[in-house]
Amino acid sequence: MTDLAAVKRALTAQRIETPSWAYANSGTRFKVFAQPGVPRNPEEKIADAAAVHRFTGIAPAVALHIPWDKVDDYAALTAYARDLGVEIGAINTNVFQDDDYKLGSVTNPDPGVRRKATDHLLEAIDIMGQTGSRDLKLWFSDGINYPGQDDLHDRQDRLAAALREAYDRLTGDQRILLEYKLFEPAFYATDIPDWGTSYAHCIELGERATVCIDTGHHAPGTNIEFIVAFLLRQKKLGAFDFNSRFYADDDLMVGAADPFQLFRIMYEIVRGGALDPAYGIAFMLDQCHNIERKIPAIIRSVMNVQEATAKALLVDRDALTRAQLAGDVLEANAVFMDAYNTDVRPLLAEVRTDAGLDPDPIAAYRRSGYDEKIIADRVGGTQAGWGA
Ligand code: RM4
Ligand code: MN
């Protein structure tokens, strides 16, 4: 039997970090559809993240992307966030939007470009010192388009050297979260294409380096929950970038394309005892809301993760283990599916009411007038977004 009070406690303690860039304008390579009321600066992105936290109660941190969120005074930005009830979360680097990085950043054949990219990583670590962030999240677009274009082996050496330099700069509880992605923008060979490559570099670096799984960064059909289970066993899972995908790196709302996959992932997290924030996994969103209103989409995404988590917590683990050990294939699968098929919305409404929140965060957001207010207030200035 599942202990419902324990399930509620776990759900109340759950933490999800939202990305500053998801509040900004974004689009495909064909078109960015600008929306009214979109933030014009990091402060307004933080204000939107704080709104998401007010209605969900479980999103108290916002990740920044440098240089998109570059400011003169990070201590002031951190204080501003705290006043609104949120913390600055992971610092993300950007070594993919400069002309110099056409042939790569830290793996570029030109040592001058490698120096510039590595310096950016070090700059991000300095910023972490000022914002009190624990996590440096690294994603490299580095790779090549044509066979023979550059030396695959040398590029790994260059990557390792840059990572080492960044790693050696970490202090206190700071960590590196190393992301991977199968392809795009490089089409033939990406320098960190998969979890195995990220894992190997993390092992080489040491304890403070762990893998970040972006759920949209795999080949179709990849069993992501297997990767979760494997990395948990190795104590090398550091973070998630949640989003969902139908084809490639679609960056749609998490849980929209395949809620069952999200449930399977969250089951491995619960099974591994890794849901508790004290375990140290950063559960982040990494999404773009190109055609839908951004704040309610992010609230919906947080709720989708929460629903998958509630279902994962409801799996009758004793019954599952009994069926597994007895080799009862159908019963084991039935126990698993029973939890998945449970409507957890009433339970989550209760959890929210207990926490003093509205049981329906989206409806509460709509009633709050926040959307109308940002549309009225945020006129003039330049909207933040891709390339800004
Ligand atoms: C990349 C990757 C990174 C994110 C950028 C915006 O595809 O997922 O995590 O920072 O996009
Ligand atoms: Mn990502």
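These legends describe close-up views of a predicted model. Local features are given only at pLDDT of at least 70 and side-chain atom pairs only at pLDDT 80 or more, while totals for chains, interfaces and linings use all residues. Residues are numbered from 1 along each chain as its sequence is written, and side-chain values use heavy atoms, with hydrogens and water left out.

**View 1. Packing of helix H1 on helix H9.** H1 (residues 4–13) and H9 (residues 294–313) pack at an angle of about 150°, their axes lying 10 Å apart. Helices (H or I, at least four residues) and strands (E, at least two) are DSSP runs, numbered from the N terminus. Axes are lines fitted to C-alpha atoms, for helices over the stretch in contact, and angles run from 0 to 180 degrees between N-to-C directions. H1 and H9 are therefore roughly antiparallel (angles under 35 degrees count as roughly parallel, over 145 as roughly antiparallel, 65 to 115 as roughly perpendicular and the rest as oblique). Val7, Ala10 and Leu11 of H1 meet Gln306, Thr309, Ala310 and Leu313 of H9, contact meaning heavy atoms within 4.5 Å. The residues of this contact are 5 nonpolar, 2 polar and no charged (Ala, Val, Leu, Ile, Met, Phe, Trp, Tyr, Cys and Pro count as nonpolar, Asp, Glu, Lys and Arg as charged, and the others, Gly among them, as polar).

**View 2. Packing of helix H2 on helix H3.** Between H2 (residues 42–56) and H3 (residues 74–83) the angle is about 25°, and the axes are 10 Å apart. That makes H2 roughly parallel to H3. Their crossing is right-handed. Pro42, Glu43, Ile46 and Ala47 of H2 make the contact with Leu77, Tyr80 and Ala81 of H3. By class, the contact residues of H2 and H3 are 6 nonpolar, no polar and 1 charged.

**View 3. Packing of helix H5 on helix H6.** H5 (residues 152–169) and H6 (residues 195–205) have axes 10 Å apart and an angle of about 50°, and are therefore oblique to each other. H5 and H6 cross in a right-handed sense. The H5 side of the contact consists of Gln156, Leu159, Ala160, Leu163, Arg164 and Tyr167, and the H6 side of Thr197, His201, Glu204 and Leu205. These residues divide into 5 nonpolar, 3 polar and 2 charged.

View 4. In S2 (residues 61–65), 5 of 5 residues are buried (under 20% relative accessible area; exposed is over 50% and partly exposed in between, with a 1.4 Å probe and protein chains only). Ala61, Ala63 and His65 point one way from S2, and Val62 and Leu64 the other way. Strand S1 (residues 17–19) runs parallel to S2 and is joined to it by 3 bridges, with Pro19 opposite Ala63. Pro67, in the loop between S2 and H3, is joined to Ile66 by a cis peptide bond with omega of about 15°.

**View 5. Two residues with positive phi.** Most residues other than glycine have a negative phi. Lys235 has a phi of about 55° and lies in the loop between helix H7 (224–233) and strand S9 (237–242). Lys235 is exposed, at 65% relative accessible area. Asp251 also has a positive phi, near 55°, in the loop between S9 and helix H8 (259–271). Asp251 counts as buried, at 11% relative accessibility.

Key
Chains are lettered from A and ligands numbered from 1 in the order in which they are written. Two strands pair if DSSP finds at least two bridges between them. A crossing is left-handed if the near helix is turned anticlockwise from the far one by less than a right angle, and right-handed if clockwise.
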